[in-house]
Amino acid sequence: MIHIQARTEPSSLMKIASPLLAIALTLVFGCVLFSAIGKSPTQALHVLLIAPLADSYNIGEMFVKMGPLLLCAVGLSLCYRANLWNIGAEGQLLAGALGGSAMALYFGDSNSLFALPVTLLAGIVSGMLWAAIPTYLKLRFNSNLILTTIMFNYIGLYLLIWAVHGPLRDPQGFGFPESAMFADATLLPTLFESSRIHLGVAFAVISAFIAWFILSKSHLGFQIRVFGSDEPAAKYAGFSGKKLSWMVMLFAGALAGLAGVSETTGPIGQLVPNVSPGYGYSAIIVAYLGRLHPLGAILAAVFMAVLYMGGDLAQIEMGIPVAVVSMFQGVLLFFLLACDFFINNRLAFSNQATN
Amino acid sequence: MDSDLIVQILFAAVKTGTPLLFIALGEVICEKSGILNLGQEGMMLMGAVVGFLAAYGTGSAGLGVLAAMIMGCIMSLIFAVLVLHLGANQVATGLALTIFGTGLSAFIGSGVVGQTIQGFQPIAIPLLSDIPFIGRILFSHDILVYTSFAMTFILMFVVYKTRIGLTLTAVGENPHAANAIGIKVLRVRYLAVMFGGVMAGISGAYMSLVYTPMWVENMTAGRGWIALALVVFASWRIGRIMLGAYLFGVASIMHLVLQGLGWSISPNLLAMLPYVATVIVMVIISADKFKEKLLAPRSLGKTFDPRQMA
């Protein structure tokens, strides 16, 4: 007989093994699915997972996609650790793209050395602002953070669409809903020749290390961890929940805003309506897959970026709709949550039937 | 503004509010059992695409609705197994359900984008539809709108007047006590979650069979999330959900109203209105902390493990 038994202590092995197991199960699910729709599963998996890493150009593109995913996921990891259900990375990213682009267009053809830093700062501040409103509404009016951050995702999206149709539209753009291309002084430099990997990707990796440092070495990080695991204890210790909420939410907003402005001043080079293929939502999965650990998020973001690349390639080479990526993300999180059951429980085998 | 325009606006508000009413009625039952399912948007999208595919394939809108109900139920079962049996976090599982449903619906619907079907036709109810104003606003709709009226009143009766309603409330308020008096907490919660799935399925089918009889990726445009806010707005009371759904319906068609008044505002800015309205409403409703704590089901969002004692 097999039955389920609660573990006396959470298994630290399962904490690490669970994401890997979830990825493996998602791949099995993918094989079954592709067989079911009459595509070769081996070819599909090759296109989804191996081809994105097959040559240096593809690897470069993979890192370009990893950047915004990681920036958003690092912020979300801290939020979720502190029990702040911020689902608004997508809106904060779009706000960053919008605010940064407005600043970049303001600089126009200026060659000022300040053009790029100020543009990036405008993006960061815009992201922070977009995170600050729901935070304020939660702390002041007790409104539900999940729902307000989601609503601000939609509001941010329509604001951006309005801007590219209206005030930020390129006057010489034949009416297309796009801004003018940014001048060189406001573009992020690329790090290597013959690849689009830009400074924003480096920001993402640095931010993960900063967040790791905050979380594990600072008093603030200690407060986050205490709040996340035992809120009454944190309050008893005299930690201010409000101050902590502000710090964590603004940090997450700043990173998501940086992700947005890095997209427009990096690989895109202008403001377009579809700045983000849902990076802010995918970052939720990245944060979970990385065990809400900033360094774990690096590995998870690489995996998710491979999946994004693979989705593009699968559409081009096999005619598989690109929506398959978001479906796999959902399945991955299902499997991860299911595998996490075995962190606190285990299967016990016994010869006799138990009651 | 002349009275004819007002009637048109209110008629459109009922039509626009109907999918919100369906999905919010499902979610309020689910939340009354203590389970917060954030997967509404994903279940609704799956209902929309499967309903459309079934209606497109069979030519019958009725079969489309049936297929959407079954699909919504299947989606909710994924959530139920993870949350109720494996003790997974409700917020994370709900988000996963939405992300999964968004992707899967776009995936299986990619072949029929742009196709149209014959959806439900309006049926004017004899006599009732002849009442001035009210008749045109409420009684000249399609069969699903009338179903939503009936559902609201049936649920009001079941929840407030029957033993089933008492059991549901007991489970949501205090699962440990309910368990102690012999109520099968997990079974009640399973049924509540599945009911939510079925209603989300109908709501999606309303979008793809009646509201705009076609399938477009992400066509629900956040209605699943707005429904979650609607439940908070209604303080978990069924009658108020109906009122709230039509108020949100008015907010969604505000551009018609403003055009009627002769204003010209960018349609992209007007598209924000339902979401802005949702935020404002939530701020007003939740500002009274004490009241919200009193009204929300007490075990909402918390994991219940029958093996543990309270």
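The following legends describe close-up views of a predicted model.

Residues are numbered from 1 along each chain as its sequence is written, and chains are lettered from A and ligands numbered from 1 in the order in which they are written. Local features need pLDDT of at least 70 and side-chain atom pairs count only at pLDDT 80 or more, whereas totals for chains, interfaces and linings use all residues; side-chain values use heavy atoms, with hydrogens and water left out.

**View 1. The interface of chain A and chain B.** The contact (heavy atoms within 4.5 Å) draws 42 residues from chain A and 44 residues from chain B. About 3,700 Å² is buried between the two chains, and carbon and sulfur atoms give 82% of that area. Buried area here is the accessible area (1.4 Å probe) that two parts lose on being put together, summed over both. Across this interface the rule finds 0 salt bridges, a salt bridge being a side-chain nitrogen of Lys or Arg within 4 Å of a carboxyl oxygen of Asp or Glu. The rule does find 4 residue pairs in polar contact across the interface of chain A and chain B, with both residues at pLDDT 80 or more. On chain A, at least two residues of the side that touches chain B come from each of β1 (2-6), α5 (115-141), α6 (145-165), α11 (279-289) and α13 (324-344). With 13 residues, α6(A) gives the most to that side. Sorted by class, the side of chain A that touches chain B has 34 nonpolar, 8 polar and no charged residues. In this sorting, Ala, Val, Leu, Ile, Met, Phe, Trp, Tyr, Cys and Pro count as nonpolar, Asp, Glu, Lys and Arg as charged, and the others, Gly among them, as polar. Helices (H or I, at least four residues) and strands (E, at least two) are DSSP runs, numbered from the N terminus.

**View 2. Aromatic pairs between the chains.** Over all chains the count comes to 17 aromatic pairs. Rings of Phe, Tyr and Trp (its six-membered ring) pair if their centres lie within 6.5 Å; planes under 30 degrees apart count as stacked, over 60 as edge-to-face and the rest as tilted. A:Y158 and B:Y275 form a stacked pair, at 6.0 Å centre to centre and 20 degrees between the planes. This pair joins two chains, because A:Y158 lies in helix α6 of chain A and B:Y275 in helix α14 (residues 273-286) of chain B. Both A:Y158 and B:Y275 are buried; buried means under 20% relative accessible area, exposed over 50%, and partly exposed in between (1.4 Å probe, protein chains only). An edge-to-face pair is formed by A:F334 and B:F100, with 5.3 Å centre to centre and 65 degrees between the planes. It crosses between chains, from A:F334 in helix α13 of chain A to B:F100 in helix α4 (residues 90-109) of chain B. A:F334 counts as buried at 8% relative accessibility, and B:F100 at 7%.

**View 3. The surroundings of B:Q90.** B:Q90 is found in helix α4 of chain B and, at 3% relative accessibility, counts as buried. A polar atom of its side chain lies 3.4 Å from the backbone oxygen of B:K302. Leaving aside neighbours within four places in sequence, B:Q90 is in contact with B:G34, B:I35, B:L36, B:F79, B:V83, B:G301, B:K302 and B:T303.

View 4. Side chains of opposite charge can pair when their charged atoms come close. Over all chains the count is 5 salt bridges. In the one between A:R196 and A:E61, the closest N and O atoms are 2.8 Å apart. The two residues are 135 residues apart, with A:R196 in the loop between α6 and α7 (199-217) of chain A and A:E61 in helix α3 (residues 56-81) of chain A. A:R196 is partly exposed, with a relative accessible area of 36%, whereas A:E61 is buried, with 9%. A:K65 forms a salt bridge with A:D312, the closest N and O atoms being 3.5 Å apart. A:K65 lies in helix α3 of chain A and A:D312 in helix α12 (residues 294-318) of chain A, so this pair ties together parts that are 247 residues apart in sequence. A:K65 counts as buried at 14% relative accessibility, while A:D312 is partly exposed, with a relative accessible area of 31%.

**View 5. A salt bridge within chain B.** The side chains of B:R298 and B:E173 meet in a salt bridge, at 3.3 Å from N to O. B:R298 is in the segment after α15 (289-295) of chain B and B:E173 in helix α7 (residues 163-173) of chain B, 125 residues apart. B:R298 is exposed, with a relative accessible area of 56%, and B:E173 is partly exposed, with 27%.

Technical notes. A polar contact is a pair of N or O atoms within 3.5 Å; within protein, one must be able to donate a hydrogen and the other to accept it, and residues adjacent in sequence count only if both atoms are side-chain atoms.
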